[in-house]
Protein chains: 4
Amino acid sequence: MSKIDVAIIGASGYTGGELMRLLINHPNVNIKYVTSRKNKGEDVSNLHPNLEDVDLKFSNPNPEDIDADVVFSALPHGASMKLVPQYLENGSRVIDLSGDFRFSNIEDYEKWYNIKHIHPEIEAVFGSPEINREKIRDATLIANPGCFVTGAILSSLPIVENELVDRIILDSKSGVSGAGVNPTASSHYPTCADNIKPYSITNHRHTPEIREQLRNFGSGNVKVSFTPHLVPVIRGILTTNHSFLLKDDVSVDDIYNLYAEYYKDEPFVQVLKDNKIPLLASVRGSNNCQIGGISLDDEDQLVVISAIDNLVKGASGQAIQNMNIMFNFDETAGLKNVGLYP
Amino acid sequence: MSKIDVAIIGASGYTGGELMRLLINHPNVNIKYVTSRKNKGEDVSNLHPNLEDVDLKFSNPNPEDIDADVVFSALPHGASMKLVPQYLENGSRVIDLSGDFRFSNIEDYEKWYNIKHIHPEIEAVFGSPEINREKIRDATLIANPGCFVTGAILSSLPIVENELVDRIILDSKSGVSGAGVNPTASSHYPTCADNIKPYSITNHRHTPEIREQLRNFGSGNVKVSFTPHLVPVIRGILTTNHSFLLKDDVSVDDIYNLYAEYYKDEPFVQVLKDNKIPLLASVRGSNNCQIGGISLDDEDQLVVISAIDNLVKGASGQAIQNMNIMFNFDETAGLKNVGLYP
Amino acid sequence: MSKIDVAIIGASGYTGGELMRLLINHPNVNIKYVTSRKNKGEDVSNLHPNLEDVDLKFSNPNPEDIDADVVFSALPHGASMKLVPQYLENGSRVIDLSGDFRFSNIEDYEKWYNIKHIHPEIEAVFGSPEINREKIRDATLIANPGCFVTGAILSSLPIVENELVDRIILDSKSGVSGAGVNPTASSHYPTCADNIKPYSITNHRHTPEIREQLRNFGSGNVKVSFTPHLVPVIRGILTTNHSFLLKDDVSVDDIYNLYAEYYKDEPFVQVLKDNKIPLLASVRGSNNCQIGGISLDDEDQLVVISAIDNLVKGASGQAIQNMNIMFNFDETAGLKNVGLYP
Amino acid sequence: MSKIDVAIIGASGYTGGELMRLLINHPNVNIKYVTSRKNKGEDVSNLHPNLEDVDLKFSNPNPEDIDADVVFSALPHGASMKLVPQYLENGSRVIDLSGDFRFSNIEDYEKWYNIKHIHPEIEAVFGSPEINREKIRDATLIANPGCFVTGAILSSLPIVENELVDRIILDSKSGVSGAGVNPTASSHYPTCADNIKPYSITNHRHTPEIREQLRNFGSGNVKVSFTPHLVPVIRGILTTNHSFLLKDDVSVDDIYNLYAEYYKDEPFVQVLKDNKIPLLASVRGSNNCQIGGISLDDEDQLVVISAIDNLVKGASGQAIQNMNIMFNFDETAGLKNVGLYP
């Protein structure tokens, strides 16, 4: 079987490293470009020491010279929107891991990202296979979801679509790799370790992204609040989804069965047998989203837990899943590895 | 100045160790007994290696022979209620760190702890200085609050008393020392580290304790949900307190000022200057409760964060604070050390 | 291509879990039995939550009924020697992950393991592919090396074989998963985290195993000391190999080149380009052994660093590598995944 | 009792923070200046969130205007030597925490620090109380030892002075706070956590400092090699001291007794009862150095373990101990807190 040519733009960061880690063993892919302006000419193992045996060097080609079937853009927001149009013009299909093309309402983007969008005319498919699988199949541009967004919407969809709740509080706990490869005060080991840091308590820019996606379902006006916390974990996002059940005659078992049925054909959403509680350790390094621990208290509070690896299902793994759908590969190709537990 | 004699019953565990760590430098205290049935005759440093220079051995006297001004009972629930009556009869004042005497409603205790209470007639003062300082002064028996309870009620009191909210969701993150000194599957390093584990998602036994305390304030019927998470942290409980503001004309600043005013005379509650966000690392080893990060979103969701060290303000430090109040010592005696940061 | 039938005996522990994690994606293998006396009938995901989608249940067949091409015995030492003879009699080839068959000198075994060996007559091939690849090919019984032993001998072989040193000090740092799946005081999170624990400082039972292997090379009487440390890491063994160079005219570059040449055909030993320093994070989850950081000071001290994942190259991965050699599979089959970094 | 005035120069970093944490409760000290060029005018709690209740602001006075009994210089090397002469001229006694005045041989300094010394004429007392207590008493300038140096020399002195060994290998494991408050690639949580990083394998600049101090004892020419490792720990240095016993008739007990006797009057060196193994967790936050785990194998290898908190006995605590000696205070004043375990 012939392989498709892949370009990874901005391959020096963690999502770029993950794309290489996973694509190197993908049966249908040839990694043709891994770009980095700053690290041009260096072995990828200089930055990604797990890739010691991988024979790839960073390059820095002109955007118009990139000749690839699919381009993964792992550039930061703002930078991505400048280059994506060129890749599309080159005839590549593009999967953008930044926030630049995730919003259908450009004002939301400009408000929350505090930046002018220079290509509001370009439309993308929001790359959540569980929501948009058919649209992804034919898309030329995929906006890969934000890491928090993936765990948030997968934990919410069944109850929102079925109008069982009208307000959701997402209390999310994220590993530090979510902050990226560049050292900052908030990723400094002595202050991250043995600590928990809430941040962007009611104003994280993934909030409007979650709201937009969930309001395509059910009543269309579910309220959503979102509070992220930095936890001393390398990878992973655990989302504790709190809501209030609107109906009296619905049991925990009903809700569990609703989730199990909703996701029964999804290759990467695991509604856990026996409603077990998801753990970050169970999904570490894998593309799975675990859902479980569904509970209801005597004051109608409903809790649903989801767990993902922020760099895999929350970023690079989901991007590859989208690629697999776009090119009619086995949807799990390159993504079969199970979580690294312990 | 003469010193009071102190007994620490069940001194082999973490709360017993913390009592020693702090009392060893308390100017008004003589540690007379540190008991452990299993470790009788051993140096305390065998179990608490930080106490290498402390010249104390575990003993196992008969309960009726304990002659002390104050007895700290660090026994597990169920065991404590069997012995506390004897200590009281001996003429000691007692500070009980277990859950045995925390409930005014004995049915609640028996339901949530799933055990028959053998001394329902004994009344205790709930040992929260911020709520009950005057009653503590004259108490003979103090029921020291649960670790989660302390962070939960301190983050809630001002808004509950002022009826600004009618439902609170407490999403708490606890260090592993909260599970005690005995190794179990849930405290096993390979599965705790780099992981987050929600547990007792809607049925933790601290839930009714929080509810009872908070319903003494405001409308008396605030709804309270509580979900604890085990995080890869040694010490500390960070509580993210989510609620929904009932009044339109209240700003974040108003709420911040309300907290600052409410706790302005409290020696161990720090409403952080500039509404900074509390961190577990800031209170590590200290008796402080930090409150801050107060935020309000455009859908009326209010968030308040509190941070304590579960073994200090959440247990042994608060017990010593109670002792200081009971014996008219400086309330901060033995508790002046600031947090160990980083 | 037809697949071989595999049995994993004692599959409830970490090495059993790793065998499943890796074999599930092995192209030439059918997992026929995963045994556990205690967990008979349970889904493997009850103990290994990363294996949620793996459709295997623990069973507990009679040893004489195990009909498999290869049996991995992940039983503890002492237990393994009782059952291995039966598996051999059944006609299976056996890879034993315990210490029971690692010593050619049975007195050494009995002294260091403090147990009587009941089958001293059974001979095994020591399962280090880098030492014994050809013998492994035809072996019926493989004694898979101890976790510390693998990192120790790979960091030592070139300088011992070439008699550049006559004494080696191995200062090893091991992740906590090396202590197994059962919770103990030494694996308790509150005391493992943010701590380092030296243990078995000069009397760890891997010492004689390392000595036996290394004394098959060079002068045959290299002195070897070994001190392990428990570090707050889930997986991995980093070995700092200290020795004293006996020859004056040998440079660091010479030694680096010696290692690079020695291992140039080994699929899983990576002598790092540019003599980079190995990291546990680079090999996490992979079967690689990284070697590098080779340094020499002005007092003739030589340092060599090696890093492995204790559960993979230090146990289950190396066992699979041995199986691949025994059955003439691609030596890297099932072991192609690169390290999980970060 | 009147208090002395203290200045802390460069108080924004971790050693400055620790000086404040400890001095705030020192009975004989008034903190008069805490300086920071960059943070002038800010509350110290902005950088040291554990100091929320401490009413101190950073200032930036002219060096000639600093009027204090003692000046702690917590500036980086290079910067410190420029200012220390002025503080001495002002009439202050100075305790310098940098490396600038630690070497008696200025060529060593200039070689290992790769910088020209601008005040080679200024002499300091090396601030190790266990070596130089009497000289410290009258010193005007103290060169506070390097963090690794303290654990290294305390673990070595008795065997070097008694010429029991002629070569020592120091394999040290350091917490990440040793790298300081500024985020760098090597302190980035995602790569520090769950990892071990050897660095400066044979060329760390603490090597010559250790050699100079130890060669004042015994034969005067003990060989010393030193390899540091970064471990996922916030605070602490554990040193594994490997050597080879030169005498046949010396037992482990003899060596243990030698250490116990050598340090019996030292307030902060704990040769552990029963030769227990030191742990970082036992000294966390305290000024203690624990020594123990002394072991001897059948090939004459001797191992001694020491543990300190790098920010306390390894820096700020030892500086305060030096101040206590200089001003005839109780040597333990301000340093009585025991380790934070767990």
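Is B:Lys32 buried, exposed or partly exposed, and what is its relative accessibility? B:Lys32 counts as partly exposed because its relative accessibility is 36%; buried means under 20% relative accessible area, exposed over 50%, and partly exposed in between, with a 1.4 Å probe and protein chains only.

Before we go on, a word on the model. This is a predicted model, where local features need pLDDT of at least 70 and side-chain atom pairs count only at pLDDT 80 or more, while totals for chains, interfaces and linings use all residues. Residues are numbered from 1 along each chain as its sequence is written, chains are lettered from A and ligands numbered from 1 in the order in which they are written, and side-chain values use heavy atoms, leaving out hydrogens and water.

Back to B:Lys32, then. Its side chain meets that of B:Asp67 in a salt bridge, 3.6 Å from N to O. By salt bridge I mean a side-chain nitrogen of Lys or Arg within 4 Å of a carboxyl oxygen of Asp or Glu. Over all chains, the count comes to 90.

Now let's cross between chains. D:Glu52 forms a salt bridge with B:Lys276, with the closest N and O atoms 3.7 Å apart. D:Glu52 is buried, at 5% relative accessible area, whereas B:Lys276 is partly exposed at 22%.

Over in chain C, please find C:Arg235 and C:Glu18, another salt bridge, at 2.7 Å between the closest N and O atoms. Both ends are buried: C:Arg235 has a relative accessible area of 4%, and C:Glu18 sits at 0%.

Last stop: salt bridges that share partners join A:Arg211, A:Arg215, B:Asp297, B:Asp298 and B:Glu299 into one network. Thanks, everyone!
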